[in-house]
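Subject: Structure handover and notes

Dear colleague,

I am passing on a structure for you to look through, with some notes to read beside it. Please open it first and keep it in view while you read.

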Amino acid sequence: MSTLPAPLDRLPFPVIGSPLFIVSNPKLVIAQCIAGVVGSMPALNARPAEQLDDWLKEITEALAAYNTAHPDKPAAPFAINQIVHKSNDRLEHDMALCVKYKVPIIITSLGAREEINAAAHSYGGVVLHDIINNQHAHKAIDKGADGLIAVAAGAGGHAGVKSPFALVQEIRQWFDGPLALSGSIASGAAVLAAQAMGADFAYIGSAFIATEEARASQDYKQAIVDNNSDAIVYSNLFTGVHGNYLAPSIRAAGLDPANLPESDPSKMDFGGAATKAWKDIWGCGQGIGAVDKIQPTADFVAQLKREYAAARAGLLARNYD
């Protein structure tokens, strides 16, 4: 395990809720943090751009009020995801607001820029960069990221194809800093498994879609409950970057999940067109077979903690000598 910088060294439970495009909102972020896991959302979820100021104010004030009322059990820190791709014409605006509110954790995706890392470091923020292979991991750390999010096969939304075992072990051969693992994690036992492989944190996204606070349609939430990994389709059609999506939503859009055309990666778009696509085409990871109900975020995190404790106790009870 790593020696973690503040505020990552004070997490009550080793889970980071991943930023869910369109779905994450202040209500979900606040609920995640109060439950003891890092809550996060993409800056681009705030539309128009000016709304991000209101949302960051809401989150910081709500968590500050909670911490004042519960000094013995403070909330986990929150994170904002920045898409560091040339199609994101809001990046500088959104990052300036993160500096204004001193967002504790910045999650960067689809590109690494030294000036974004420097902006976060200017007020003591920590930058975690998500990567899908070892080469990208090296580049992110070389450009000043503090930690990595290994997005392995089976993760929801934009995802890689590497086995989590391969990806984590390759990174740990040279990097001993903060490392989160993403890919089909939806239970407390899977959180423990991520740590056993060498990650510091589990990075959980799709399971949080099926929470009451998530800004997803009831049909989307129910589809998470009703389906499993057989319903996940890997395609680059919708944004130009390969990702995992729920087949029922693809069929509902009039497309055949088994025969999707390839998209031109140079046409990557994270503006209005992507928002429209992701509103109808539901991003989702392969771990949803563990999700059996829609419930409040606090109840889901409590479930993760129980499962984690049970899995850990089970391992300790076994004698492998």
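Predicted model: local features only at pLDDT ≥ 70, side-chain atom pairs only at ≥ 80, totals over all residues.

Residues are numbered from 1 along each chain as its sequence is written, and side-chain values use heavy atoms, with hydrogens and water left out.

I begin with strand S4. Helices (H or I, at least four residues) and strands (E, at least two) are DSSP runs, numbered from the N terminus. Strand S4, residues 105-109, is mostly covered, since five of its five residues are buried, where buried means under 20% relative accessible area, exposed over 50%, and partly exposed in between, with a 1.4 Å probe and protein chains only. Ile105, Ile107 and Ser109 point one way from S4, whereas Ile106 and Thr108 point the other way, and all are buried.

Next come the partners of S4. Strands of a sheet pair through backbone hydrogen bonds, either parallel or antiparallel, and two strands are counted as paired here if DSSP finds at least two bridges between them. Strand S3 (residues 78-83) runs parallel to S4 and is joined to S4 by five bridges, with isoleucine 80 having isoleucine 106 of S4 as its bridge partner. S4 also pairs in the parallel sense with strand S5 (residues 126-131), over four bridges, and here the bridge partner of isoleucine 107 is leucine 128 in S5.

Which residues of H4 are buried? They are Ile116, Asn117, Ala119 and Ala120. These residues cover an arc of only 160° around the axis, which puts them on the same side of H4, the arc being that of the directions from the helix axis to the C-beta atoms. What covers them includes H3, S4 and S5, with contact meaning heavy atoms within 4.5 Å.

In helix H6 (residues 164-172), the buried residues are Pro164, Leu167, Val168 and Ile171. Seen down the axis of H6, they fall within an arc of 90°, so they line one face of the helix. They pack against S5, helix H5 (134-142), strand S6 (147-151), strand S8 (179-182) and helix H7 (188-197).

There is also an open sheet of three strands in the order S7-S11-S10, with antiparallel pairing. Strand S7 (157-158) and strand S10 (232-235) stand at the edges, each with a single partner strand, so one side of each is left without a neighbour in the sheet. S10 and strand S11 (residues 243-246) pair in the antiparallel sense over four bridges, and tyrosine 234 stands opposite asparagine 244 in S11.

Finally, helix H2 (residues 51-69) gives the most to the lining of the second largest pocket, with four residues.

Best wishes
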